[in-house]
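User: I am new to reading structures. Please work through this one with me, one question at a time.

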Amino acid sequence: MDLERQFEQTVAADHRVEPRDWMPDGYRATLIRQIAQHAHSEIIGMQPEGNWISRAPSLRRKAVLLAKVQDEAGHGLYLYAAAETLGADRAELTEKLIEGRQKYSSIFNYPTLTYADVGVIGWLVDGAAICNQVPLCRTSYGPYARAMIRVCKEESFHQRQGYELLMTMMSGTRQQREMVQDSVNRWWWPSLMMFGPSDAESSNTEQSMVWRIKRHTNDELRQRFVDMSVPQAEKLGVTLPDPALVWNPDRGHHDFGEIDWTEFWQVVKGEGPCNAERIAHRRKAHEDGAWVREAATAYARKKEQAA
Amino acid sequence: MDNAYDGLTDAGEEKHWAFGTGFTAALAGVDRAIPDADRDSLTAYCLMLGDDALIYSQRLAEWCSRAPELEEDVALANIALDLLGQARLLLSRAAEIEGVGRDEDALAYLRDEREFRNVRLAEIDCGPGPGGDFGTTIARLLIFSTWRLAVFQRLVTSADPVLAAVAAKGIKELAYHRDHAAQWVLRLAGGTEYSRERIVAGLDRVWAFTEELFATHRVEAALPGIAVDPASARAEFDQVIDTVLNAAGLDRPQVKQVAALAGQAGRDGVHTAAMGFLLAELQHIARSMPGARW
């Protein structure tokens, strides 16, 4: 049986493809791109919330937030390791990120303006990420699927902590409740945008579905997220900023308004409120740390020679 | 697994979450009896140890998303979290002994600079800000963790059962911090010419604050059997530091010390210029929204 047919059968039977197995070049390239973007998103995603660690308003919240941002660094590490099993090199992927040749999730190009944003990012942004990522625990490439199981467990924990912060704030002062609503108003639409372009516009979806890299379309996942979020918003006591949002009993789903696709593509193309500063921050850390990495490499080489 | 997310609206139900809601309290089961000693001194002593950890944790967390490598982002955040955990236990104990209804947050967020009792080594900017770099950061981590570990090893027999328990938990953490720092000192000293310069410069900078670490404070002197006299930890500190420096081929820094002001330094609320700015950042949200719930 030829290798290509064997690969197709493995994938169609929902078995996992492992690093040493033969795979089509396109499958390998698609996975490297997707896993790298995912890893970059974790690393860039440290910034909008990391921004609030020094100012967290209670010691418990500070510990929770620091642990969360630390988890994101850990997620980036597992994902870069998964990409390396496909022959990618972490240092090269990092170069591509800071040169703008590889993307990361556009959601992180929005600013965090108040401490309520820490809660709303946990609830909505991590919630949308979970909707995207839970199906990836069954994705066809083994190392990616296994990394995602651990990532999803931790993301679920983050989401819960975000929601719990918002519940606490909603039981606080009027100013706090207004902060939460303002934050929901700013993050709701960008969260919906996290699922990517509509199915009609999504160039990569079809092949990825055949390869079982993706298991649901962008619009299916977006619908699922909306349906999950509406009762959560009610329980929290906030209004989602979409006058068209209404339960449709015929479909058994919520109808919702149209995303501002002009803004979506603008942010994707690098013109979001924070694109430049996110990359500049990453680049500075990378460049400032170059001498440390060089020292560690030189030291390891000397130790090896001495042995 | 497809609905890891479903249970969110029911925030009171633990089973919906990937992990339970409750964590076992760090000192569950520890006797919280307050020993027979001067309350003001005991409160102050808990604040000293707690403030050291809180303020240094604040500094270390500044590295988050700025470290030279992802592994180091994780490691420094981990150390900051350990210290924040120690700070919370110690400030809570201070509040309990003080007995006027304050809690860890009131002590962390609503005290002014002159009331903070941390050593100045904890507060200075050693990077990633303009006051330092990774070399200075590692130098401080080595000095601070070696000193605190030596103190905590003596604190495990304290007559205050809570302090003894905090120390017993803390020595495992601090041993890891010290080891992490020592490994980096070796790498930086033995790596490139430039990295060697950076670790030497870093050690010179932080060494100026070491004498303060071992000066016996009157609060410590007033609590025999409860507090550790830091002077008693000096020999061990010197031995550990010399071992690390010898292995790295470095000399012990020969620099002038930053003196106290009329005998007073960090332990008496006499801080460096950096401290006010650090506190402004740490405290501003909590202070600008009185009555808020977090």
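User: In this predicted model, about how much area is buried between chain B and chain A?

Analyst: Buried area is the accessible area (1.4 Å probe) that two parts lose on being put together, summed over both. Carbon and sulfur atoms give 68% of the area between chain B and chain A. The total is about 5,700 Å².

User: What pLDDT do local features need here?

Analyst: Residues are numbered from 1 along each chain as its sequence is written, chains are lettered from A and ligands numbered from 1 in the order in which they are written, and side-chain values use heavy atoms, with hydrogens and water left out. In this predicted model, totals for chains, interfaces and linings use all residues, side-chain atom pairs count only at pLDDT 80 or more, and local features need pLDDT of at least 70.

User: How many residues of chain A are in contact with chain B?

Analyst: Contact means heavy atoms within 4.5 Å. On the chain B side, 61 residues take part. Their partners in chain A number 69 residues.

User: Which helix gives the most to the side of chain B that touches chain A?

Analyst: Between the two chains there are 18 residue pairs in polar contact, both residues at pLDDT 80 or more; a polar contact is a pair of N or O atoms within 3.5 Å, where within protein one must be able to donate a hydrogen and the other to accept it, and residues adjacent in sequence count only if both atoms are side-chain atoms. Helices (H or I, at least four residues) are DSSP runs, numbered from the N terminus. Those of chain B that each supply at least two residues to this side include H1 (39-61), H5 (134-155) and H6 (161-190). With eleven residues, the most comes from H2(B).

User: How many nonpolar residues does that side of chain B have?

Analyst: Ala, Val, Leu, Ile, Met, Phe, Trp, Tyr, Cys and Pro count as nonpolar, Asp, Glu, Lys and Arg as charged, and the others, Gly among them, as polar. The side of chain B that touches chain A has 13 polar and 14 charged residues. The nonpolar residues number 34.

User: Which residue of chain A forms a salt bridge with B:Glu69?

Analyst: A salt bridge is a side-chain nitrogen of Lys or Arg within 4 Å of a carboxyl oxygen of Asp or Glu. The whole structure has 37 of them over all chains, and two are between chain B and chain A. In one, at 3.1 Å from N to O, B:Glu69 meets A:Arg90.

User: How many residues are in the largest nonpolar core?

Analyst: A nonpolar core is a set of buried Ala, Val, Leu, Ile, Met, Phe, Trp, Tyr and Cys residues joined through side-chain atoms within 4.5 Å; buried means under 20% relative accessible area, exposed over 50%, partly exposed in between (1.4 Å probe, protein chains only). In soluble globular proteins, nonpolar side chains tend to be buried together. A:Trp123 and B:Tyr45 have the most contacts inside the largest core, which has 181 residues.

User: Is B:Arg93, the salt-bridge partner of B:Glu96, buried or exposed?

Analyst: The side chains of B:Glu96 and B:Arg93 meet at 2.8 Å, N to O. The two are three residues apart in helix H2 of chain B, so about one helical turn separates them. B:Glu96 is partly exposed at 31% relative accessibility. B:Arg93 has 0% relative accessibility, so it counts as buried.

User: How many residues apart in sequence are the parts tied together by B:Asp133 and B:Arg198?

Analyst: The closest N and O atoms of this salt bridge are 2.8 Å apart. B:Asp133 lies in the loop between helix H4 (120-123) and H5 of chain B and B:Arg198 in helix H7, so the pair ties together parts of the chain. B:Asp133 is buried at 13% relative accessible area, while B:Arg198 is partly exposed at 24%. The separation in sequence is 65 residues.

User: With which side chain does the side chain of A:His38 make a polar contact?

Analyst: A:His38 lies in helix H2 (residues 25-44) of chain A and is buried, with a relative accessible area of 9%. Not counting residues up to four places away in sequence, A:His38 touches A:Leu79, A:Gln133, A:Tyr144 and A:Met148. The polar contact, at 3.2 Å, is with A:Tyr144.
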